Amino acid sequence: MQRTLAIVKPDGVAKGYIGEVVKRIEADGLKIIAMRMELLTQTKAEGFYYVHKERPFFNDLIAFMTESPVVLMCLEGEDAIARWRGLMGATNPENADPGTIRKDMATNIERNVVHGSDAPETAAFEVDYFFKGSEIMG
Ligand code: ATP
Ligand code: MG
């Protein structure tokens, strides 16, 4: 069993894709064991994306992630990290496989609807960054 952090990013929430994303997660058999809507502060978004702080797109990314609310979820299942990233598709929707969330719903490489942890270490950090143990219905 594995846990991973999923985010419906501001573009996904604003365009009305929360339900479609949740539907795909549940249809795949991943369990949503925590879920909350939040308007990220600058500080909270910067801390979350600190690994990207030297990247040229960092300031744009923080502005995007704080422009309107996100939906935060903790998912659980066998191989949850890879399965959720499979449902998401490639970072750039132009390279995403047909039938993935980003291929179907993303605008561009930045406004790409969803986030997913990329490894067990980052998943542990990211789930803990947003959820207290008492908020996780594991
Ligand atoms: P995420 O971490 O959001 O799940 P990812 O792991 O597919 O996406 P990362 O390389 O971790 O991609 O980049 C984090 C986020 O930064 C991307 O999802 C996207 O919103 C933004 N981003 C990445 N590369 C670029 C870029 N070249 N230009 C603009 N924004 C970018
Ligand atoms: Mg990433």
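Asp79 counts as partly exposed, at 47% relative accessibility (buried is under 20% relative accessible area, exposed over 50%, partly exposed in between, with a 1.4 Å probe and protein chains only). This is a predicted model, where local features need pLDDT of at least 70, side-chain atom pairs count only at pLDDT 80 or more, and totals for chains, interfaces and linings use all residues. Residues are numbered from 1 along each chain as its sequence is written, and side-chain values use heavy atoms, without hydrogens and water.

**Backbone angles**

- Most residues other than glycine have a negative phi.
- Asp79 is not a glycine, yet its phi is positive, about 60°.
- Asp79 lies in the loop between β3 (70-77) and α5; helices (H or I, at least four residues) and strands (E, at least two) are DSSP runs, numbered from the N terminus.
- Val113 also has a positive phi, near 75°.
- Val113 is in the loop between α6 (101-105) and β4, and is buried at 0% relative accessibility.

**Aromatic rings**

- There are 6 aromatic pairs (rings of Phe, Tyr and Trp, its six-membered ring, with centres within 6.5 Å; planes under 30 degrees apart are stacked, over 60 edge-to-face, the rest tilted).
- Phe48 and Phe130 form a tilted pair, 5.3 Å centre to centre with 50° between the planes.
- Phe48 lies in α3 (residues 42-48) and Phe130 in α7, so this pair ties together parts 82 residues apart in sequence.
- Phe48 is buried at 3%, and Phe130 is buried at 4%.
- Phe125 and Tyr129 have ring centres 5.5 Å apart and planes at 35°, so this pair is tilted.
- Phe125 and Tyr129 are 4 residues apart in helix α7, about one helical turn.
- Phe125 is partly exposed at 33%, and Tyr129 is partly exposed at 23%.
- Ring pairs link Phe48, Tyr49, Tyr50, Phe125, Tyr129 and Phe130 into a cluster.
- The charged end of Lys44 sits over the ring of Tyr129, 5.5 Å from its centre (NZ of Lys or CZ of Arg within 6 Å of the ring centre and within 35 degrees of the ring normal).

**Largest pocket**

- The largest pocket holds about 570 Å³ of space (on a 1 Å grid over the protein atoms alone, a pocket is an open set of points where a 1.4 Å probe fits, with protein on both sides within 12 Å along at least five of seven lines; lining residues have an atom within 4 Å of a point).
- Its lining has 23 residues, and the closest to the centre are Tyr49, His52, Leu61, Thr91 and His115.
- α7 (120-130) is one of the elements that supply at least two lining residues, and its 3 residues are the largest share.

Terms used. Chains are lettered from A and ligands numbered from 1 in the order in which they are written. Grid points are joined across faces, edges and corners, and a volume is the space filled by probe spheres set on the points.
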